[in-house]
Amino acid sequence: MKYTALRKELRAFYDALEEKAYRFNEVCSALLEKSVTEDMPAARQKAILYEVIAQEAEPAVFRNSSFYYEPATMSATTQGEGENSRAPLAELHPGGWLYRRNRHKFVDADPVLFENSRVPFYSWCGEYGDFRYHFTFNIKPVLSSGLRSLYEKAEAALQTPCTDQERIYLESTLSGLLSMKKLIRKFAAAADKALLSAESDEEKTRLSRISKTARRVPWEAPATFYEALNTIALIGKLIGAMEGVNNTDMGRLDLLLLPFYENDLKEGRITPEEAQDLITEFLLLWECHFDMDKKHEGTHNFETMVYTLGGCDESGAPVFNDLTRMFLRAHQAEKLIFPKRKCRYSDASPKEYLDMVNSEILSGSTTVLYLNDNALIPAFEKLGFPTEIARDYTVLGCWEPVLAGATNEHCGYVNLIKILESSVYKDWVHPEIVLSPLDGAKDFEEVYSLTLQNLLTVLRHKCHAAYEGRKIWPEVDPMLLISSALDDCIETKRDYTAGGARYKVDELVCAGLVNVVNSLLVIRELCFEKKTVTLEKLLGAVRANWENAEGLRQEALKCRFWGDESEESGKLMARILHDLYEGTRDFPVLYGGRISLGYMLYLELYNWAKSLRATPDGRHTGDFFERGLTPSILHKIKSVTSVVNSMRYVDPSEIGADSVVNVTLSLKSRDADAFEAFMRASALTGIQAFQVNCVTREELLAARETPEKFRDLVVRVCGYSAKFVTLSDEVQNEFLQRNFMEA
């Protein structure tokens with residue numbers, strides 16, 4: 001195969017990198033301990049961190065790769081978060097040193113606030129917010145004007161009147177950008193060294209190009225398609241390595257890179273075949289971080305970079321061009337799982353685009369997350385963003401939509417079904433969170449009101465803790481490099497963590513809403529409409545985990561449920577979504593703006609479900625619940641049209657942080673035209689993020705029995721894709737419990 005040598009070289013490098021990265025962290029940490037003092041402002045501490053990493057790093061170049069991008073300072077299992085718990089030696093790298101040193105300040109500032117914020121209703125991506133995981137670097141100014149433009153802008157701001165704090169921020173930013181420049185120039189030296197032992201003319205050509213380009217780009221703006229593509233790879237890695245946060249978003253590659261490609265074609269510098277080769281090689285850089293055939297331990301073992309294709313441009317015109325085709329072809333030809341690929345679509349998407357994206361799904365290999373422009377763009381507009389800005393969203397992490405000039409605050413997940421559980425079992429005690437039991441409610445409206453009140457009580461508590469707790473973020477670990485490219489940080493002379501950015505988005509991401517709605521539907525129908533059972537008796541059966549009440553449980557399962565297409569279930573879902581939206585309007589947001597709600601869940605499902613007690617929808621203790629807006633697995637839904645039709649009731653403009661629907665289709669015919677029509681129909685509903693698998697239960701069961709015959713069967717699990725046979729038994733079992741539907 002054409003890329004066999006590259007794959008082999010990269011895999012060998014990343015297999016050995018963990019030990020090297022661990023030693024690198026020890027060296028840098030020792031130097032930082034000597035150089036950083038407690039009385040220094042955090043911005044100056046961060047500037048020293050940048051300098052030490054740039055000074056000590058020994059970046060790698062590869063004999064079979066045209067790209068220079070790998071600083072070799074952190075293991076393959078992290079994209080920058082600096083304390084990855086998935087691999088013992090990969091927990092630390094020096095980019096996260098300052099956060100590890102100062103994070104105690106979050107607790108010390110208010111120990112009572114911290115203690116009272118640790119409740120089982122939600123997770124945190126840090127002490128009070130997302131201090132590590134969901135960040136994006138605005139690559140646009142670097143592609144247009146180079147890192148030099150950011151440096152010059154900060155330098156000019158420093159010449160205007162500044163407070164001491166503003167001056168320290170700007171000086172530290174300048175130092176950080178110079179450290180980036182220093183580290184980038186080291187790639188040229190590494191290429192020069194490798195040239196001394198280069199064996200083939202092809203190898204010499206690649207290394208010579210790296211040597212020449214790294215001396216200029218991206219300090220100066222990239223001038224060619226190759227230089228722009230390399231800039232995206234390099235900046236992605238360097239921000240993770242130096243800032244110490246998970247910087248996964250590479251942006252809208254088919255839109256960002258198109259001017260460079262078209263200019264190269266016009267000037268005769270590149271052929272379509274050469275561009276396709278560069279794109280394939282670029283994507284392999286991220287795929288080869290991991291052994292895709294290695295069996296997973298527990299839930300998931302790694303993450304990697306993310307990019308977005310398709311959608312529309314700022315004027316609303318569809319984005320589908322030769323580069324879109326090349327990225328899609330490369331993924332399919334090389335059977336890639338990573339980098340994570342997000343494909344924007346709408347009812348107006350070109351047929352060829354949808355057919356190309358869909359063809360992989362129909363082949364039984366799912367590495368795509370669909371993002372519905374019809375549903376997501378209005379959500380950004382309702383948050384107050386101009387239409388042209390809203391149209392330019394990209395996606396980072398698993399599902400999180402983000403704007404190029406902003407970064408979002410994903411503070412962790414809220415377990416709505418756990419709140420309902422506490423309302424049912426009446427054993428919740430907390431000094432700040434008072435929940436009302438459902439017992440004694442006179443009618444359904446009272447049950448609904450109590451449930452909504454309890455949900456909002458917990459959501460408000462979480463937002464209050466995030467609001468108060470994050471105030472000292474600038475004193476812990478400022479984000480100087482990320483801030484340098486964000487709109488208005490340099491102009492306001494304030495780091496992003498101090499509220500300097502123009503656009504502010506605080507996400508509140510919830511899980512289990514479907515089970516809450518289904519429980520309310522059961523209570524309304526059995527207790528107040530049919531009066532089959534009293535509320536007290538129903539709740540008693542639930543508290544007993546349905547023991548000796550299987551008949552009543554079966555009656556509950558026969559009630560209306562989300563996803564059955566009924567007006568009753570659709571309107572109740574719409575009602576609670578709207579009431580949560582309205583109820584969070586006045587929640588405090590640290591940097592201004594308002595709370596953006598989302599409905600989804602990642603790997604927390606597996607641990608949360610184990611301890612979650614029975615609920616009125618018919619769940620037993622320990623059963624799985626639904627992550628996003630997917631219909632419950634307690635109800636067997638034969639047709640996927642039921643899901644699509646139910647989503648008509650949802651107003652997506654009130655869900656600014658995205659919502660996820662999972663669908664597994666048993667499409668035996670796998671008709672491309674029918675699937676295209678299905679996707680267009682879904683675009684006209686409230687579906688925002690759509691995870692579609694096209695596989696039968698029989699295929700998955702066969703894969704468990706004879707895994708060697710199904711090595712290339714890839715499924716979309718929850719925010720990531722993986723070869724089904726590599727998933728742990730726990731994850732395989734959960735996947736097999738899902739609804740397998742017909743179109």
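Buried here means under 20% relative accessible area, with exposed over 50% and partly exposed in between (1.4 Å probe, protein chains only). The model is predicted, so local features need pLDDT of at least 70 and side-chain atom pairs count only at pLDDT 80 or more, while totals for chains, interfaces and linings use all residues. Residues are numbered from 1 along each chain as its sequence is written, and side-chain values use heavy atoms, leaving out hydrogens and water.

**View A. Helix H22, residues 513-529, is mostly covered.** Of its 17 residues, 15 are buried. Helices (H or I, at least four residues) and strands (E, at least two) are DSSP runs, numbered from the N terminus.

**View B. Asparagine 321 caps the N-terminal end of helix H13.** One of its side-chain oxygens lies 2.9 Å from the backbone nitrogen of leucine 323. Buried residues of H13 include Leu323, Met326 and Phe327. Look just past the helix for lysine 335, with a positive phi of about 55°.

**View C. Phenylalanine 135 meets tryptophan 473 edge-to-face.** Rings of Phe, Tyr and Trp (its six-membered ring) pair if their centres lie within 6.5 Å; planes under 30 degrees apart count as stacked, over 60 as edge-to-face and the rest as tilted. Here the centres are 6.3 Å apart and the planes at 70°. Both residues are buried.

**View D. Lysine 462 sits over the ring of tryptophan 124.** Its charged end is 3.9 Å from the ring centre (the rule: NZ of Lys or CZ of Arg within 6 Å of the ring centre and within 35 degrees of the ring normal).

Technical notes. A polar contact is a pair of N or O atoms within 3.5 Å; within protein, one must be able to donate a hydrogen and the other to accept it, and residues adjacent in sequence count only if both atoms are side-chain atoms.
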